[in-house]
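Okay, thanks for staying on, everyone. Let me put the next one up on the screen, and then I'll walk you through it.

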Amino acid sequence: MPGESAGERFRAALDAERPLQIAGTINAYCALLAERAGFRAIYLSGGGIANASFGLPDLGVTTLDDVAEDVRRITDACPLPLLVDADTGFGPALVLARTVRRLAKAGAAGMHIEDQVQAKRCGHRPGKELVSSGEMQDRLKAATDARVDASFVIMARTDSYAAEGLQKSIERAHGYVEAGADMIFAEALKTLDEFQAFTTSLDVPVLANITEFGKTPLFSRDELGAAGVRLVLYPLSAFRAMSQAATGVYEGIRTRGTQSDLIDTMQTREELYEIIGYHEAERALDALFSAQKNPDE
């Protein structure tokens, strides 16, 4: 709705769809494709930024500036509310407060921060190290205090299940909610019963990260909804499919010296133009040039 903030639009989407499916979009064009498919909310993955924008592993190597730039590009192009992976917040309390302000100014609807150490790892990889619950609560207090728009979502991600087990992970989540977290991201759970243990214990929405080739099985939207999950995230599904398709095209052209037998696998020029509004923009440009050439008409 006109006049609503991005955070308000995200919360409205959460109320309108149960559970809310959130599509991972690594760039502005993917965001337009997700909108066209009917998603109500989208997501920018820290791993996606590292992999797709920089060709780097997701090991805490990207910066706040890197993330904010990709956020701005997506939100400039697409009206869907965008949830952003802010890793561990990019630094101590004052830096974390700056992270909140920068991402909100870039158009994000909200962000999640996690309870790993600054030298973080992918949530579905071994070797993760955690900060104390108290330190994570301090991160959340700094983040919530920095909000200018109270609807900007501060989500707490806990990676503690792998190291501390289910009950300790739930205890951490309770502390994070007390510190101001609006929602909880329960990373790398393995069963629907574990998700239900989170959702029945907490009074805030819980997110399930349904990422391929990870620790969490590919539970369906309906299965997760029945377990009380309110948000279902697919962070890199399209990126993985795109990358596999691109690999086949590059190898085919290199091997056979032509792309003629690959055309049927490609989006057409007209399909691209329809999605980005090319013809409308071209007509507006033509009208402008016509007016400049014939100022008396």
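Asp-87 sits in the loop between β3 (82–85) and α5 (93–105); helices here are DSSP runs of H or I with at least four residues, strands are E runs of at least two, and both are numbered from the N terminus. Now, this is a predicted model, so local features need pLDDT of at least 70 and side-chain atom pairs count only at pLDDT 80 or more, while totals for chains, interfaces and linings use all residues. Residues are numbered from 1 along each chain as its sequence is written, and side-chain values use heavy atoms, with hydrogens and water left out.

Back to Asp-87: its phi is near 50°, a positive value in a residue other than glycine. Is Asp-87 buried or exposed? It's buried, at a relative accessible area of 5%. By buried I mean under 20% relative accessible area, with exposed over 50% and partly exposed in between (1.4 Å probe, protein chains only).

Ala-188 also has a positive phi without being glycine, near 65°. You'll find Ala-188 in the loop between β6 (183–186) and α9 (192–201), and at 5% relative accessibility it counts as buried.

One more loop: between α1 (6–16) and β1 (20–24) there's Pro-19. The peptide bond joining Arg-18 and Pro-19 is cis, with omega about -10°.

On to the inside. The largest nonpolar core has 56 residues, and the ones with the most contacts inside it are Val-71, Leu-103, Met-111, Leu-140 and Phe-198. A core here is a set of buried Ala, Val, Leu, Ile, Met, Phe, Trp, Tyr and Cys residues joined through side-chain atoms within 4.5 Å. Helix α4 (residues 64–77) gives this core its largest share, five residues. Apart from that core lies another one, of 17 residues, with Ile-22, Val-153, Leu-231 and Leu-233 among them.

If you zoom in on Phe-198 and skip neighbours within four places in sequence, its contacts include Leu-166, Ile-170, Ile-184 and Val-206; contact means heavy atoms within 4.5 Å.

Last, the whole chain. There are 13 helices and eight strands. The radius of gyration is 21 Å, close to the 19 Å from the globule rule for 297 residues, so the chain is as compact as a globular protein of that length. That radius is taken over C-alpha atoms, and the rule is 2.2 Å times the number of residues to the power 0.38. Buried residues make up 47% of the 297.
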